Amino acid sequence: MAIAEHTPSSSSPFRQHRPTGWVTFTAATPLLALQLALLAALVMATDPSPSPELVELTLLTGAREKGAVCLDGSPPGYHLQRGFGSGSHSWIVYLQGGAWCSSNTTDTETCSERKMTAYGSSKLMGAVTFDGIFRNQQPQNPDFYNWNKVYVRYCDGASFSGDAEGEAQDGTKLFFRGSRIWDAVVDELMGKGMDAAEQALLAGCSAGGLATLLHCDDFRARFPQEVPVKCLPDGGFFLDIKDLSGERHMRSVFSGVVQLQNVSGVLPKRCLAKKDPAECFFPAELIKSISTPTFIVNSEYDSWQIANVVAPDGSYTGDAWTSCRDNIRNCSSEQMDVLHGFRAELIRELKVAEGEREWGLFVDSCFTHCQTQSSDWWHSPTSPRLGNQTVAEAVGDWYFGRRRVVKQVDCEYPCNPTCSIQ
């Protein structure tokens, strides 16, 4: 069904584009919202499911010899939960997110700070809770509950893509080895049984979602052609747009990442022949070269991008935008015009996926960032829905081919009542 597009004010830095070729949804009734809320409360009150499991850290073997190290030179790590039953030979490799190690220039200030956190050193990493797509109970994770699941920790600051060295502000070395970490972790997993996988899925959130796009085809190439291999970037579709001040803040960030960490080696050669490497780091360019079936999960009103791409610090004056970017319910009609414009640009850039028969989309209008790591968003009575499906149900239908087309794009905020019960 078609939806009516909202037209932003002339002062908005974004323009609207009408989406075509996929299923879109109109607003549900207030009665439906009430029914959903009551159902959620009833199920939650009687839910006997056990708590998510805590999974310990495994450090990469021989990391230093391979030069596959975190920012501080410590070995990278991952968390592995073995599959069982029918999922014993199925694998999910999930790349952690957490922004990038860069500033508006190619200095190492943010990297120096980052190396003293779990995003730059495995010395500060601990066990993690496996929830959402990692849950090992079928009611909370209907299709992937018994798969082998790997959560790869992010400690390089360049979406697992750099290969360089630098110097921290205290004079010690900084290791930008994301690309080597990627290769070494996948090689180790192959030695732990992933080489015999009967099906596999590469996924990631935020900067890990971007990494999923960067490494999608390489992951596919690691397996025999008859093995189904697909990719699931979540909250990783970052836009190259002007912020409120008219500057391209996100391109400046990516330019710093690409130059500082020598990222060009993993970028599409077709793009590099025509564009600046920083532009080729954006998903809109990456998806033009990916041949592996991919399912994009993203919010039309991505909370991280609204705060860091649309309205980053320094791009506005006063308190109005601070309140809006913290909570979309606080946005004025003029601010919503800007956010609707962001939505329209996201949909326009996703049009490349429209013509890809084996690709999928779950693009909702919830004010959030990443939806696969928490059962509340992935699959629960209170999870957002499109076409009466949770993210988990849509991804499962796509991965296993239960529906011919799984491309769902939501209507404008605040049309979807399943977002409001979060």
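A residue is counted as buried when its relative accessible area is under 20%. By this criterion Cys 216, at 0% relative accessibility, is buried, and Cys 231, at 1%, is buried as well. The model described here is a predicted one, and the values below were computed from it.

Cys 216 and Cys 231 are joined to each other in a disulfide, with 2.1 Å between their sulfur atoms. The torsion about this S-S bond is about 105°, and the disulfide is therefore right-handed. The two cysteines belong to distant parts of the chain, 15 residues apart: Cys 216 is located in helix α5 (residues 207-221), and Cys 231 in strand β11 (residues 229-234). In general, a disulfide is a covalent bond between the sulfur atoms of two cysteines. The structure contains eight disulfides, of which two others are described here.

One of these connects Cys 324 with Cys 331, at an S to S distance of 1.9 Å. The value about its S-S bond is 90°, and the link of Cys 324 and Cys 331 is right-handed. Cys 324 and Cys 331 are both buried. Another disulfide connects Cys 366 with Cys 419, at an S to S distance of 2.0 Å. Here the link is left-handed, with -75° about the S-S bond of Cys 366 and Cys 419.

Strand β13 is itself largely enclosed by the rest of the structure, because five of its five residues are buried. In a regular strand, side chains alternate between the two faces of the sheet. Both faces of β13 are covered, with Gly 360, Phe 362 and Asp 364 buried on one side and Leu 361 and Val 363 buried on the other. Strand β12 (residues 295-299) pairs with β13 in the parallel sense through five bridges, and Ile 296 is found opposite Leu 361 of β13. Strand β14 (residues 407-409) also runs parallel to β13, to which three bridges join it. In this pairing Phe 362 is opposite Gln 408 of β14.

The loop between β13 and α14 also holds Ser 365. At 1% relative accessibility, Ser 365 counts as buried. A polar contact of 2.8 Å links the side chain of Ser 365 to the side chain of Asp 410. When neighbours within four places in sequence are left aside, the residues in contact with Ser 365 include Ser 299, Glu 300 and Tyr 301, together with Asp 410, Cys 411, Glu 412 and Tyr 413. Cys 415, Asn 416 and Cys 419 are also among the contacts of Ser 365.

Nonpolar side chains tend to be buried together in soluble globular proteins. In the present model, the largest nonpolar core has 82 residues, and the members that touch the most others are Trp 100, Met 194, Phe 219, Phe 223, Phe 254, Phe 281 and Leu 339. For Phe 281, contacts beyond four places in sequence include Trp 100, Phe 254, Leu 210 and Leu 214, as well as Val 257, Val 258, Val 263 and Leu 267. Ala 158, Ser 159, Ser 161 and Leu 286 are also in contact with Phe 281. A second, separate core comprises 27 residues, among them Val 297, Cys 370, Trp 378 and Ala 392.

Two further helices were examined. Helix α4 (residues 178-191) consists of 14 residues and extends 20 Å from its first C-alpha to its last, close to the expected 20 Å. Helix α4 is mostly covered, with 10 of its 14 residues buried. The buried residues of α4 include Ile 181, Trp 182, Val 185, Val 186, Leu 189 and Met 190, and also Ser 179 and Glu 188. Gly 193, which follows α4, has a positive phi near 115°. In helix α9 (residues 283-286) lies Glu 285, which at 15% relative accessibility also counts as buried. Apart from residues up to four places away in sequence, Glu 285 touches Cys 271, Lys 275, Glu 279 and Cys 280.

Definitions and conventions:
Residues are numbered from 1 along each chain as its sequence is written. This is a predicted model: local features need pLDDT of at least 70, side-chain atom pairs count only at pLDDT 80 or more; totals for chains, interfaces and linings use all residues. Side-chain values use heavy atoms; hydrogens and water are left out. A nonpolar core is a set of buried Ala, Val, Leu, Ile, Met, Phe, Trp, Tyr and Cys residues joined through side-chain atoms within 4.5 Å. Buried means under 20% relative accessible area, exposed over 50%, partly exposed in between (1.4 Å probe, protein chains only). Contact means heavy atoms within 4.5 Å. A disulfide is a pair of cysteine sulfur atoms within 2.5 Å. Helices (H or I, at least four residues) and strands (E, at least two) are DSSP runs, numbered from the N terminus. Two strands pair if DSSP finds at least two bridges between them. A polar contact is a pair of N or O atoms within 3.5 Å; within protein, one must be able to donate a hydrogen and the other to accept it, and residues adjacent in sequence count only if both atoms are side-chain atoms. The expected span of a helix is 1.5 Å times one less than its number of residues.
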